Structures are given as structure tokens and as C-alpha cells.
Amino acid sequence: MAEKRSIIHVEGGYPLSGHVTVEGAKNSALKLMAATLMAPGVTTLTNVPDNSDVHTMGKVLSKLGARITVCDAHTLQIDTSDVKSWVTPYELVVKMRASTAVLGPLLARFGKAVVGMPGGCKIGARKVDMHMMGLSALGVDFQIGHGNIHASAPGGLKGCSVTLEFPSVGATENLLMAGALAHGKTVIDNAACEPEIVDLATMLNEMGASITGAGTPVIEIEGVRELSPVTHGVIGDRIEAGTFVAAAGLVGDPVRVHGFNPDHLGLVLKKYEAMGISIKRIEDGLLVFREGSLLPTSIQTLPFPGFPTDLQAQTMVLLALAEGDSVVTENIFENRFMMAAELNRMGAHIRIEGHHALIQGVAGFSGAPVEGPDLRAGAALVLAGLVADGYTDVSGVEYIHRGYERFTDKLRGLGAHVEEIEVE
Ligand code: EPZ
């Protein structure tokens, strides 16, 4: 019996117009869920995106003993009163690297944790050496065995000053959570500044933590004795928003993108305007369209407030259609140009040289069957299909489901001819 699989089938050539509202940020929600382990009781999270990564994190917490009530598609009540286990299910951590976000909370609550070594993925090795270096400074001992990280803090977590080699988002988050319940003061220097870090620190402070400096490279945390459950709304997803802004930059006539803070896309919007896309601030979002040609530019992905790596693939689609040559440099992940080969199959002219993608703009794409290698590249290939001549079939839909809720419904709501279908 032939295996069934989903693809996203796109017919190019239709403009997008109307309104789209993005969900809560996946890359915040996952950590906020993990942080509920630090506050025994019922924490309510609102504006939670309904995607498969959130479902996976829900399974991780349930395996640890949490009880999760899905009040509606975007509201979760997480009761961590009876969590007794500190051993994270190996198969779930391997499936989703973000599960390592339970490391700090479990150490804070139990003084120990067993977490599967997160596998690398297609975009890179995805190491956790900086998480372990930082937590070791707080008194955590690590043993690696049988694919698991065994962490323990026999003398409890002790606040300390830690300087990260690189402003790692995940390492900053684990240190933030561990420090919140450590004895004494923790300082994280060279901390990540992403808006999702600020959202996590905000909720921890609502729970009773004492954190200052989140969103800047120096975060100070005065350890407290306990945290209490709260109700907290997840910030809007700047990456989902940026994906729709890019779509509108391709075929917007115009599109209004709501449900997020445009300040979280500062440099991206400046770059897109320089590329010839018209962007206007409106109530709770942006109005986006394009009249003239797309113009070339250079992009360097960097930690926030630099250009986000999670919008690199979507931007490459725009630059592949610009009048002239562009260069995209990927500084965050070792292997995040896999989409280029797929886009070349649609007629783009992209050459990869190490961390640089050298892009010669072309007049247009022709539709083709293409493979989405990660969740952002998959979404970007769907965008390419919106402007391609003819039909494009994008596979790797399971990746897109990890970070986008109802992606094809939202695009169809804007006028795109796109649907998710099952094929043999
Ligand atoms: C988060 O990943 C996001 N994921 C990623 O989004 C995002 O691309 C990334 O931050 C950068 O903004 C979630 O929040 C769930 P890092 P994270 O630690 O925390 C290396 C998406 O599409 N590194 O800042 O893993 C690492 O290998 C995903 O939604 C170490 O070497 O990112 C990477 O090359 C993709 N050692 C770089 O640093 C460490 O201990 C940045 O990683 C930690 C990281």
C-alpha cells in the first residue's frame, strides 16, 4: 500500500489582499510552558499557538506529571502541582530540541534533571554546550550517558555571574529560569535580547521572580524562594508576521498583518522598505503592498536586534526576484541554505559559497515540485509558489505544522490559491 503524505499545492499568479492575524509566538510559548514547572499550581497561558511543537511540549509536561486543560484552541491551563518526575521522555526531546527548555525549571524545582541530548537537525548541530557551561557555574554537575544529559545540583543552585560565548536564546532562557530560584544573584552577560526572552522574564516576574535587564545583553536575577502560578498572554509571533509581510511584499494588494508588535521586526521592515516594499504602521500591525520592482540588498543574519535567521529563507525568495544581485550571509546556523537548491529548481539563480548565498535576481519563477527542509524554508517555498508560473507542490508539510497554525487557510483567506492535499 503506497504511503500517503501531505503536500501544499499552490497555483501561482493571484494577488493577496485583506487581513491576517498572527498567533502567539511559538518560540515564547514553548518556554513559558516549561516555566510553569517552577510554580506549582495552575498557570493559564492565553494566545498560545495551536501547532505541533506546542502539542509536543504539552506531552513533555504531561509525562512529567502536569495536567493540561485545553480551554480553547489558544488557552492552556497547566497544573504542575503534582509533578514528581524530573526525567524527560527521551523520544520527545529528540523530536523537538526546544524540550531542553525544561532543564532549568526541573533543576530549579528538584535540583536534578534528566533530558535527552537534543539531536542536531538539518539546519545545524544544535549543541547545548553553552547551556551546560552556564548552569555549571550555578553549581550543576553534568553526566552524559545513554543519550541523556544527567544534571544535578547537590548543593542547590547558587547565583553566579556567567558570560555567554554567544548570545544563545536557549542558553539565556535556561539560565534565566534556573537563576530565578537560585540562592543569591545571577548575572547573565552577553545574553540574548530576543522579544521572547523579554516575554519569559515578564511572566517569571509576574510569578514573583526578580529579574531586570531582559531584552538587553546584561540580565540580573535575584533568586527568590518560590514562584506562584499566574495568567499570562503570549506575545504575538514576529516570525509568523514577518512571513506574511514577505508574502505581501511578493503579491500584496495590500495586506494588513495584525496581532504582533511591529517593533519586534525593526531591521526587517527597514530592509524590506529598501527592497521596494511599502509598509505602513496601522492599528495593531502593518499594511503592506508593493508597486514597483523588488530591489537587491545584502542581509546578515544576527542575534536580535539583528536580522532574524528565521526570516532568512522568506527574504531569499524576495531577493531571488529582485532587479540585481544580492548577498545573504547566514551567521547563526551552519546549514540553513538548503532551500536555495529548491528555489533554483523553480528558476532562481542562487549560488552558495560557505555562509554566503550569492543571488542573481530573475524575472520570475516557474512552478515545480519542491521539498521544504525546515519549517521556515517550507513556508518560504509556499510563498515562492504564490508568484510562480503554474503549480508548485511543496512537501515537508510536517515541518510547517511545527511553527505555523492554519498556514494555508490564512493564505487562502487572503486570496491565494493554495491547499493542503494528501498524495500517494
Ligand atoms: C531558538 O533556537 C529558536 N527556537 C530558533 O527558531 C531560532 O532560529 C534561534 O533561537 C535563533 O534565534 C526556539 O526558540 C524553540 P540558539 P535556539 O541557542 O535556542 C549554537 C524556528 O525556526 N549553540 O540561539 O536553539 C546553535 O547551534 C527555530 O522557530 C551552540 O553552539 O538558538 C546555533 O548555531 C529554528 N551551543 C546558534 O548557537 C549552545 O549551547 C544559535 O542557537 C547553544 C547554541
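On a 1 Å grid over the protein atoms alone, a cavity is a set of points where a 1.4 Å probe fits but cannot get out, and a pocket is an open set with protein on both sides within 12 Å along at least five of seven lines, lining residues being those with an atom within 4 Å of a point. Grid points are joined across faces, edges and corners, and a volume is the space filled by probe spheres set on the points. The structure described here is a predicted model, in which local features need pLDDT of at least 70 and side-chain atom pairs count only at pLDDT 80 or more, while totals for chains, interfaces and linings use all residues. Residues are numbered from 1 along each chain as its sequence is written, and side-chain values use heavy atoms, with hydrogens and water left out.

By this rule the count comes to one cavity of 30 Å³ or more, and the volume of the largest cavity is about 60 Å³. Its lining is made up of T309, Q312, A313, M316, R336, F337, M338, M339, A340, D374, R376 and A377. With Ala, Val, Leu, Ile, Met, Phe, Trp, Tyr, Cys and Pro counted as nonpolar, Asp, Glu, Lys and Arg as charged, and the others, Gly among them, as polar, the lining of the largest cavity divides into seven nonpolar, two polar and three charged residues.

The second largest pocket has a volume of about 220 Å³. It is lined by L107, A108, F110, G111, A153, G156, L157, L181, A182, H183, V224 and R225, and these residues comprise eight nonpolar, three polar and one charged.

Strand 17 and strand 18 (residues 325-330) run parallel and are joined by four bridges; I299 has V328 of strand 18 as its bridge partner.

The loop between strand 17 and helix 10 contains P305, and a cis peptide bond with omega of about 10° joins F304 to P305. P308 lies in the loop between strand 17 and helix 10 and is buried, with a relative accessible area of 12%; buried means under 20% relative accessible area, exposed over 50%, and partly exposed in between (1.4 Å probe, protein chains only). When neighbours within four places in sequence are left aside, P308 is in contact with R238, I239, V268, T301 and L302. P308 and L267, 41 residues apart in sequence, are 9.0 Å apart in space, C-alpha to C-alpha.

A cis peptide bond, with omega of about -25°, also joins D253 and P254, and P254 is placed in strand 14 (residues 252-258). Strand 14 is joined by five bridges to strand 2 (residues 16-21), with which it runs parallel, and L16 stands opposite G252. Strand 14 pairs with strand 16 (residues 285-289) in the antiparallel sense over four bridges, R256 standing opposite L287.

Most residues other than glycine have a negative phi, and most peptide bonds are trans. N47, in the loop between strand 3 (42-46) and helix 2 (52-64), has a positive phi near 60° and is partly exposed, with a relative accessible area of 30%. H146, in the loop between strand 7 (141-145) and strand 8 (148-152), has a positive phi near 50° and is exposed, with a relative accessible area of 81%.

Notes
Two strands pair if DSSP finds at least two bridges between them. Helices (H or I, at least four residues) and strands (E, at least two) are DSSP runs, numbered from the N terminus. Contact means heavy atoms within 4.5 Å.
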